[in-house]
Structure formats: structure tokens, C-alpha cells
Amino acid sequence: MAQRDSEDTIDIIQEEGETIDIPDVLPLLPIRDIVIFNYMVLPLFVGRDRSIRAVDTAMAKDRLVFLATQRDSMVESPAPDEIFNVGTVALILRMFKLPDGRAKLLVQGLTKATVDEYLETKPMYLVKIKKLVEEAVDATTIETEALMRNVCEQGEKILDLRGELNNDVSAILHSIDNPVRLADLVASNLRLKTKDAQALLEINDPVQKLHRVNEMLSKELEVSTIQAKIQSYAKEEISKTQREYFLREEMRAINRELGDEDEKAQEISEYKKKIKTAKMPKQANKEANKQLKRLDQMHPDAAEASIVRTYLDWLVSLPWKKASKDMLDIGKAQGVLDEDHYDLAKIKDRILEYLSVRKLNKDLKGPILCFVGPPGVGKTSLGRSIARAMNREFVRISLGGVRDEAEIRGHRRTYIGAMPGRILQGLKQCGTNNPVFMMDEVDKIGNDFRGDPAAALLEVLDPEQNSGFSDHYLNLPFDLSRVLFITTANIADPIPSALRDRMEVLELAGYTEDEKLVIAKQFLIPRQIRENGITSKDINLGTKVLREIIVKYTLEPGLRNLEREIAGICRKIARKVAEDEKGPFKVTRANLHKYLGVPKYLPELEQDYHEVGVATGLACTQAGGEILYVEVSVMKGKGELILTGQLGEVMQESARAALSYARAHAKELGIRPNFYQDSDIHIHVPAGAIPKDGPSAGVTMATALVSALSGRPVSRDVAMTGEISLRGRLLPIGGLKDKALAALRAKVQKVIIPEKNRKDLVEVPANVRRKLTFVSANYVEEVLEHALHPKPRN
């Protein structure tokens with residue numbers, strides 16, 4: 001290069017025998033997203049007016065320009081404080097003007113410098129610079145030589161991982177003996193962030209600069225190694241997939257040459273036959289063929305292909321038109337129901353009525369029945385018998401604890417593992433579209449953030465809507481109107497009113513002692529003899545023994561515990577038979593304890609005598625009717641009302657109403673007028689560990705309270721039920737049949753009920769009405785006349 005003579009020069013750069021004078025005033029060219037190091041050669045595109053003027057000025061003089069990086073690359077016209085002070089003096093090796101006014105440059109970094117002063121900012125940047133002289137270093141020291149070797153080796157490894165290493169590059173790296181030159185060369189080829197590269201440029205100590213480059217190389221080597229592993233793994237997976245694809249294509253080609261049908265074509269053909277056989281409605285058939293066409297256009301191994309196959313499998317397996325033929329012989333149907341269940345006349349009549357109307361009207365929609373009753377009374381087994389009597393399939397699902405709406409309506413196909421709801425699953429399982437479909441525990445359905453299953457059942461259990469039931473998975477209407485839905489519940493109160501309104505509620509109360517005796521002889525004993533592998537000749541269970549078991553070993557409205565006790569006897573006899581003992585084995589009241597242990601319940605009342613402040617009430621629970629004792633104690637105090645026994649809000653209000661009634665009618669009831677001023681009243685309902693609530697304990701609390709305050713004992717043979725008003729009127733209650741059965745089990749002789757419940761006595765079995773005396777009352781005064789004895793004389 002030609003040497004430039006000038007007095008305002010900073011230094012002469014010696015490069016391959018040539019020298020260049022670097023003046024102390026140069027045009028500044030701001031650059032973006034890159035930092036120029038010494039000896040670095042690279043192209044630049046220049047398009048801003050100031051930059052073009054700076055390039056033109058440099059080309060008109062000595063082709064030297066000062067390159068400094070912008071702090072923010074997004075700024076179009078940077079101010080001096082938005083440009084780094086330290087930069088590189090560069091030589092423009094070549095310039096080419098582009099048609100759009102921009103210029104393409106090829107520049108080479110010569111030496112580092114820093115801006116001393118901005119002389120001009122318009123129409124271009126003209127700056128006074130000061131050269132930054134890097135410190136000299138002895139390249140022969142062991143530390144420096146080791147550091148340089150490490151930098152060269154790591155640089156080669158990185159280039160090798162990138163696939164850019166060759167002999168020429170390796171020779172250039174190892175030929176450099178200047179630490180500064182090596183650091184600049186390696187840094188210029190690293191993919192550094194602008195801030196990191198600028199910080200490296202500003203380091204003047206060669207050894208420190210080389211250390212910093214070595215650290216950056218170590219990090220870059222680790223990143224490049226991991227990147228190479230990822231690329232290698234991805235390449236292997238792609239190669240494996242391509243290989244499998246080619247192999248399958250070759251297999252298809254071989255099959256075509258041999259005349260064999262392609263697997264995919266065979267699958268499509270089978271689906272076409274299944275769709276035709278399924279006899280779907282028009283809309284479902286259209287959707288099935290649409291999905292089949294999509295499947296035909298997909299690669300067999302595509303992820304979505306398995307989703308479409310599963311959807312088609314559901315469509316072709318549902319019983320769109322397949323139905324079982326109803327047995328419309330009313331006599332035979334009644335015979336089946338009587339064979340399986342004793343009594344239950346009301347429910348049997350309802351089923352026979354449905355069959356009768358079905359016989360006359362072929363288009364009759366299925367009723368929605370709801371069996372409500374305590375556990376063990378035969379709700380589920382009754383549904384199975386109804387299916388057998390009607391010659392239909394039987395499907396049962398339990399809804400207890402279900403909280404997800406998708407259990408009823410299904411999941412949408414957008415979810416992984418989506419499937420239809422339990423309604424369509426049950427229909428697919430039974431294979432017909434008119435089964436007897438039983439939903440147990442409908443009173444125990446929950447709800448949470450996933451939806452309300454009870455609300456989803458509204459469409460299923462509505463005869464006016466379920467002819468077009470839409471499951472989220474199928475997204476097609478399915479006709480449920482021919483299904484006979486039966487739901488079961490222990491109590492009707494928890495069932496949402498909108499759902500209860502859609503169902504015909506049939507109550508199954510508990511069984512009387514005589515009914516249990518008949519059922520045990522006809523059904524329970526034969527079944528347990530059969531299940532335990534013995535014969536009727538091996539066991540002798542008389543009527544008196546059965547009655548003893550019912551009274552002393554079970555205390556329930558249903559039959560589950562009774563069957564367990566009978567099973568226990570059968571198991572012990574089965575053991576004797578297995579040990580080659582000779583029968584028959586007669587079970588008597590004298591040896592019953594050897595089979596079942598000591599009696600679990602005492603049939604007598606808890607009160608051995610007429611007691612003051614203790615009244616017997618009747619309540620309904622999920623387990624049927626129960627006896628409820630209310631105890632009242634009066635103590636000296638300040639008029640406080642103490643309530644214990646885990647009473648619910650309704651019962652607490654009943655207690656307060658009873659106290660208000662007693663205070664208002666104290667004189668008429670023979671109670672000291674100002675008793676509430678110096679006495680505390682404690683009302684307790686055993687057992688204390690069991691929560692209690694309900695609207696039928698008011699009259700019992702009032703009777704016990706008046707008894708305690710007046711000193712008149714309550715008859716132990718009397719039980720009562722009913723809510724009271726502040727005026728002393730008895731309000732009607734529900735569950736009279738269950739309560740009557742509970743009174744009978746407890747050997748009560750007289751039951752006091754509200755007058756408005758007298759009409760409900762027709763629901764109470766005749767034998768129960770014969771054994772109990774029912775007294776109806778309008779007011780509390782009438783109840784007290786029947787329940788309280790005169791005050792004993794001292």
C-alpha cells in the first residue's frame with residue numbers, strides 16, 4: 001500500500017511489509033449487532049445518510065474509517081452517547097454502490113482506538129481518536145504458551161463439531177505466535193453477544209484477554225457438544241422413520257405384485273361393511289363415511305389415524321337399530337316378578353301397567369322410575385327382575401361419588417384418551433337400544449370444577465329430550481327414548497328438584513318381621529344353601545329360630561344383615577359336612593349362640609319404666625326408620641338452653657320452638673310460671689357421636705320438656721312424630737311407613753301422628769296397623785293427654 005505523508009497521524013501499522021499512517025481525525029461509521037476486531041475482514045452494508053457520507057469521505061482520502069458499535073441496534077440515528085467509545089480503525093478494501101443507494105463494503109480491522117472527541121455530528125460523524133496500545137507479552141512463558149495451545153485445541157474441537165474444520169484452518173491457528181492476534185482471531189469467529197464482544201474488545205491486557213477467550217470457548221464447546229448430540233439424535237430418528245416408511249412401501253408393492261389385498265384397503269373395506277351393517281341414522285351414517293374417507297387419505301401410522309379408528313369403532317358398535325323383543329305376556333311377566341320378589345305390589349303393578357300400555361301402543365316412550373328406600377330392601381335386584389320379566393338386557397352403573405360431567409356426556413375428542421360417557425358405554429356393552437338401565441345412588445352425585453353430573457342427567461332422564469341425546473365424544477344424536485331408566489336412592493331430599501321432577505318416585509319402605517320371615521324362607525335360605533355347597537337335608541332352621549335371628553341379631557329395615565347371619569350359620573354347617581360329620585344339623589334357640597354368638601340387640605325398650613323428661617320419637621334416616629330418644633334435664637341456673645347430641649339447625653330450632661311453647665302455656669301445663677328465670681334446661685338426643693337433623697322431632701322435644709318441667713312421666717309405650725308451630729299445632733311429616741316399622745321393631749304399642757298424616761296410613765301394611773295403635777292429633781295438648789301420666793304423689 002502507498003504510504004501517506006501527514007503531520008496529524010497517530011501511528012504506522014506494519015502489515016506484511018506495508019505501513020499505513022492512521023490520522024487522529026477520522027469519519028465514524030456506527031455499526032449494528034457486530035463488533036470488529038483487529039485483522040478481521042468482513043462485508044458491511046451501509047444505507048443511512050450519515051454512514052454513506054462517512055464512507056464517501058473515507059474513500060476520497062485514505063480509505064480509513066473508525067468503526068464503533070451502537071449500544072442499541074434498534075436506534076436509527078444514534079446520538080454520541082448511544083455509541084460505544086472503543087472501536088476499531090478499519091481499511092475499506094472494496095466498495096460497491098447498489099442501485100437502491102446503499103453501499104456494500106469489504107473492510108479490514110487495523111487497530112483499536114477510542115473516541116476522544118466528536119468534532120462533527122452532521123452531516124456525518126467526524127471524531128478525534130486515540131489509539132489503544134495493547135501491552136506487550138512474552139510468548140515464550142510456559143503459562144502463555146499453554147493458554148494459547150488450549151485456545152487452539154478448543155477452537156479446533158468447536159469447528160470440528162460444526163463441520164468447518166480443515167487442514168488449512170488448523171495450520172493457521174497453530175501458526176500464530178502472537179497472543180493478541182490469536183485472541184482477536186478466535187473471538188472474531190465466536191458467536192458472541194454484542195455486549196460480550198465489546199467487553200472483550202476493551203480488554204488491553206493480552207493474557208487477560210486470552211483467559212477470557214478461553215472461558216468463552218469452554219462454554220461454546222459445551223453448548224456445541226450438546227447441540228451436536230441433539231442433531232445426531234434427530235437425524236437418527238428421521239432416518240429410522242424414513243427406513244420404516246420405505247420398507248412398508250416395499251411390502252405394499254410386493255403384495256400388489258402377488259395379488260394380495262393391501263392392509264389399508266382391507267381395513268377400509270371392513271369398515272364399509274360394518275357401517276352398512278350398523279344401520280345408522282342418516283346423520284350418523286354421513287359422519288361415519290366422512291371419517292372413513294379421512295382415514296383412507298391418512299398414512300396408516302399417522303397419530304390421528306388411531307383416533308379416527310377408535311371413533312369409527314364406537315360408531316359401528318353402538319346398537320343404533322338393534323333392540324330386544326319385549327315379552328308382552330302380562331301373566332308371565334307377573335310370574336317372573338313374583339318368583340324373584342315377595343310383596344312390593346305397588347312397584348309390580350307399575351311395571352305391569354307399562355307392559356300393558358306397551359302392548360297397545362308400540363311407540364310408547366320408556367318411563368323414568370326412581371326407587372327410594374333404605375339399603376337392603378332390594379332396589380337393585382328389583383331392577384334385574386324387571387329386565388328379566390320384560391325380556392330385556394340389564395345394565396347397571398353406580399353414580400355414587402361421581403363428580404365429572406364427562407362421566408355422563410363423555411369427553412370431547414380433542415382430549416387424549418377421550419371416550420364416550422357411561423350411558424353409551426352401557427348400551428354398547430349390552431348390545432341393544434332398549435335395555436333396563438339402572439343408575440344406583442343417584443342421591444350421592446357430587447359436583448366440582450369439572451361440571452355437575454346431575455345437570456347432565458336432566459337430558460338423559462327427560463323423555464321429551466333423550467330421543468336426541470348428544471354425547472360429547474360422538475357429537476351425534478342417539479335415541480334413548482326406548483330405554484327404561486331406573487334410578488335408586490336411599491333418600492330423595494339430596495336429589496336436585498329439577499332432576500326429581502323428571503322421575504316417577506316409588507318408595508320402598510323396610511320390611512316387617514313377618515315379611516322378613518317369609519322372604520328368608522322363600523329366598524335367603526335356599527340361596528345361601530346353594531352358595532355354601534350344602535343341601536336342604538343338612539340344615540334345619542325353624543320359624544322360631546328365624547324369628548329369634550330377626551329380632552335379636554338384626555335391627556334394620558332391609559335384609560342384608562339377616563342374609564349375612566343365615567350365611568354364617570350355613571358356613572358353620574358346611575364345615576361340619578366337610579369334616580364328615582353326619583347331619584341333619586338342627587339350629588334351635590338354645591344352640592343359636594354357638595352359630596352366631598351372643599345376641600346383638602335387645603328387643604325391649606330402653607326404658608324399663610315410665611320416666612320423667614324422656615320421650616320416644618320416630619325419625620327417618622338413610623337406613624330407614626329409627627327410634628329417637630329425647631332427654632331433658634332441668635337445673636338451677638340463669639335460663640340458659642343447652643343443646644347436645646350433634647343436633648342440626650332444624651332440630652335446634654325445634655327445641656327453641658318447644659321451649660317457647662312451654663313458656664307461653666306454662667299455667668295451662670301445670671308448670672311454674674317463671675321457671676326460665678332461675679333454671680337451665682339441657683336437651684340431649686343420644687347418641688352424641690351421630691349427627692342428627694330433620695323436621696319431625698318438635699313434638700317429641702315438647703313432650704319431654706313439659707314432662708321435665710311438670711314432673712309428669714312419659715309413657716314408655718308411646719312413640720310420636722311431628723313438627724310443631726309456636727301455637728302448638730302439629731305439622732305433617734313424611735316417611736310414615738318407615739317410622740311405623742321402626743316403632744314395631746321397638747315393641748312400641750301406640751304411635752301419635754299429626755292429623756294430616758292420617759290419610760297416609762293406607763301406605764302402612766295391614767299387619768302393622770293391626771299391631772300398633774295409631775292416634776292422630778292436631779295440637780300438642782292432645783299429644784300430652786296420650787303421652788303423659790299423672791304426676792306421682794310423694
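In this predicted model, five aromatic pairs are present. One of them joins Trp-320 and Phe-478, whose ring centres lie 5.0 Å apart; the planes stand at 50°, and the pair is therefore classed as tilted. Trp-320 belongs to the loop between helix H9 (303–317) and helix H10 (330–340), whereas Phe-478 is part of strand S13 (residues 477–478), so the pair ties together parts separated by 158 residues in sequence. Trp-320 has a relative accessible area of 8% and is buried. Phe-478, with a relative accessibility of 2%, likewise counts as buried.

A tilted aromatic pair is also formed by Phe-437 and Phe-485, with a centre-to-centre distance of 5.5 Å and an angle of 45° between the planes. Distant parts of the chain are linked by this pair, since Phe-437 lies in strand S11 (residues 436–440) and Phe-485 in strand S14 (residues 484–489), 48 residues apart. Both Phe-437 and Phe-485 are buried.

Turning to helix packing, the axes of helix H18 (residues 543–552) and helix H19 (residues 560–578) come within 10 Å and cross at roughly 130°. The two helices, H18 and H19, are therefore oblique to each other, and the crossing of H18 past H19 is right-handed. On the H18 side, the contact is made by Leu-546, Ile-549 and Ile-550, while H19 contributes Leu-562, Glu-565, Ile-566 and Ile-569. Classified by residue type, the contact of H18 with H19 comprises six nonpolar residues and one charged residue, with no polar residues.

Notes. Residues numbered from 1 in each chain as written. Predicted model: local features only at pLDDT ≥ 70, side-chain atom pairs only at ≥ 80, totals over all residues. Heavy atoms only, no water. Axes fitted to C-alpha atoms, helices over the stretch in contact; angles between N-to-C directions. Helix = DSSP H or I, 4+ residues; strand = E, 2+ residues; numbered from the N terminus. Parallel < 35°, antiparallel > 145°, perpendicular 65-115°, else oblique. Left-handed = near helix turned anticlockwise from the far one by under 90°. Contact = heavy atoms within 4.5 Å. Nonpolar A, V, L, I, M, F, W, Y, C, P; charged D, E, K, R; others polar. Phe/Tyr/Trp six-rings, centres within 6.5 Å; stacked < 30°, edge-to-face > 60°. Buried < 20%, exposed > 50% of the residue type's maximum accessible area, 1.4 Å probe, protein only.
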